[in-house]
Amino acid sequence: MKRLILTLALAITMVANVASATTTPAKIDALGPGNRIHGMDISYYQHPGNSNIDFKKMYAAGIRFVIIKGGDSIDTYDAQAVRYMIPDRKAAQAALMYTSFYYYATLPNANDQTTITNDAKAQAQKVIWRIASLGGYGRRDLPVALDLENNCISYNSSGCARYATPPNISLWAQTWLDTVAAATGRKPFIYSYPQFLETAMARSVALRQYPLWLAHYSVDPAVTTNQPNAKTVGCYADSWTNQDCTTQWQIWQYTSCGIAGKYGVPGTRVDLNVFYGNNNDFLKLVRGLWQPDNTEMLPINETTATAVTAQSAGTTNDPVLFYVNVSRPNLTPVVTGSVTYTPASTLMSAGVQSITRNSSGSWLIKITNLPAGNYVGTINFTDPSGTEAPSQAPVVFTVAPPPAPSPTPVRTGPALPSPTPSPKPKPTPVDTCAGQIRN
């Protein structure tokens with residue numbers, strides 16, 4: 001009888017432990033600065049050398065929610081994020097913490113509203129598929145966050161060559177947020193910093209309806225009257241700024257210089273956050289489960305169509321250019337994958353190829369170092385993730401010989417002295433945590 005009682009007691013304890021890890025608790029400890037609920041955000045950078053995070057130690061140090069990088073516009077970085085998102089989410093929830101994931105956005109190199117909205121919908125689809133692959137939102141999942149902090153849409157050797165306009169950025173963000181909210185039934189966060197929200201985006205009442213995750217490192221959240229959008233005089237004016245110069249924020253990333261080891265995180269520093277509001281305000285973000293239907297699941301080897309919309313070729317001094325679009329069966333842009341040029345014969349040169357993503361499903365292929373001659377080949381689309389099936393489009397082009405060079409004038413007279421190089425000063429080390437809180 002004693003053995004039976006002990007067995008029943010053990011079974012009850014195990015059920016209670018499982019329930020405590022999967023059900024919503026009545027109280028969430030507010031152990032962060034200013035007696036607020038304390039959180040953290042992490043990515044693959046918190047896994048140096050593929051090391052693991054000790055989420056139990058993190059919980060013991062007072063962290064109650066973790067926002068994990070779980071997606072990126074660029075496929076290479078997206079694969080890095082997925083590698084750690086799934087095990088980190090599982091381990092953090094097992095340690096009784098709430099989780100979310102953020103998606104880092106790269107905007108399309110476009111001005112027309114159709115391309116901008118189509119790109120936003122395609123990138124939103126990637127996030128919807130990702131949440132669906134996890135089985136939907138669970139009882140310990142906060143809504144996904146859109147990381148929008150970069151408005152450069154075209155780069156050159158000197159840096160950014162072109163920036164998106166504020167109306168276009170706001171249009172893209174609104175489309176992405178609306179698309180994810182409609183599919184999941186929960187409003188996503190938008191993450192950014194005050195200067196970006198004020199100068200790079202157009203103010204919008206519609207954007208204000210989405211919860212804000214704001215990064216501001218020069219203000220101490222332990223002082224409860226402090227605001228994360230404060231300037232030395234006044235405040236930043238954006239969609240979330242109130243009439244009294246306060247801001248409507250839900251999560252405040254107050255430092256990027258948290259003491260990583262204190263929270264069980266490998267490395268030296270980590271981002272820390274606080275939540276605005278009380279226990280009930282936090283739980284409002286968790287309520288409302290979403291479970292995916294079959295139409296939301298990530299496709300496998302979905303049929304694609306590759307089309308070359310424009311091309312140009314001149315002499316060997318000029319790059320060969322191909323503008324390429326790849327679409328899904330419903331004619332929307334593909335969400336993942338990339339393109340390349342392949343010659344029809346190994347005897348033909350493939351040149352040096354540079355691939356630029358203009359928007360979802362749209363690329364520019366730039367080929368240099370091609371000898372003069374006639375070329376036949378294909379533009380090939382491939383997706384290493386296996387979501388989209390490969391497809392190709394034939395191309396034919398000619399590279400002409402270069403024009404004859406003009407004769408170089410010969411200088412006469414004594415040789416010019418070689419200039420003496422000036423010694424380069426040693427760079428002064430920069431403390432990237434200067435002025436930040438080291439919690």
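Start with the open sheet: select β13, β16 and β17, three strands that lie in that order with antiparallel pairing. Strands here are DSSP runs of E, at least two residues long, and helices are runs of H or I, at least four, both numbered from the N terminus. Two strands count as paired if DSSP finds at least two bridges between them.

Colour the edges next. β13 (338-343) and β17 (391-399) each have a single partner strand, so one side of each has no neighbour in the sheet. From one strand to the next, the twist averages 25°; axes are lines fitted to C-alpha atoms, for helices over the stretch in contact, and angles run from 0 to 180 degrees between N-to-C directions.

Zoom in on β13 and β16 (residues 373-382). Six bridges join these antiparallel strands. Pick S338: opposite stands T382 in β16.

A note on the model before moving on. It is predicted: local features need pLDDT of at least 70, side-chain atom pairs count only at pLDDT 80 or more, and totals for chains, interfaces and linings use all residues. Residues are numbered from 1 along each chain as its sequence is written, and side-chain values use heavy atoms, leaving out hydrogens and water.

Now zoom out. The protein has seven helices and 17 strands. Its C-alpha trace spans about 100 × 55 × 45 Å along the principal axes. Of the 439 residues, 45% are buried (under 20% relative accessible area; exposed is over 50%, partly exposed in between; 1.4 Å probe, protein chains only).

Go inside. Select M58, L148 and W176, the residues with the most contacts inside the largest nonpolar core, which has 57 residues. Such a core is a set of buried Ala, Val, Leu, Ile, Met, Phe, Trp, Tyr and Cys residues joined through side-chain atoms within 4.5 Å. Helix α5 (residues 166-184) gives the largest share of this core, seven residues.

Stay on W176. Leaving aside neighbours within four places in sequence, its contacts (heavy atoms within 4.5 Å) include Y103, A120, Q123, V144 and P188. Another core lies apart from the largest one, with 18 residues, among them I37, F189, A215 and I251.

Last stop: helix α4 (residues 113-133). Its 21 residues reach 30 Å from first C-alpha to last, close to the 30 Å expected at 1.5 Å a residue; the expected span is 1.5 Å times one less than the number of residues. α4 is mostly covered, with 15 of its 21 residues buried. Finish just after α4, at G135, which takes a positive phi of about 90°.
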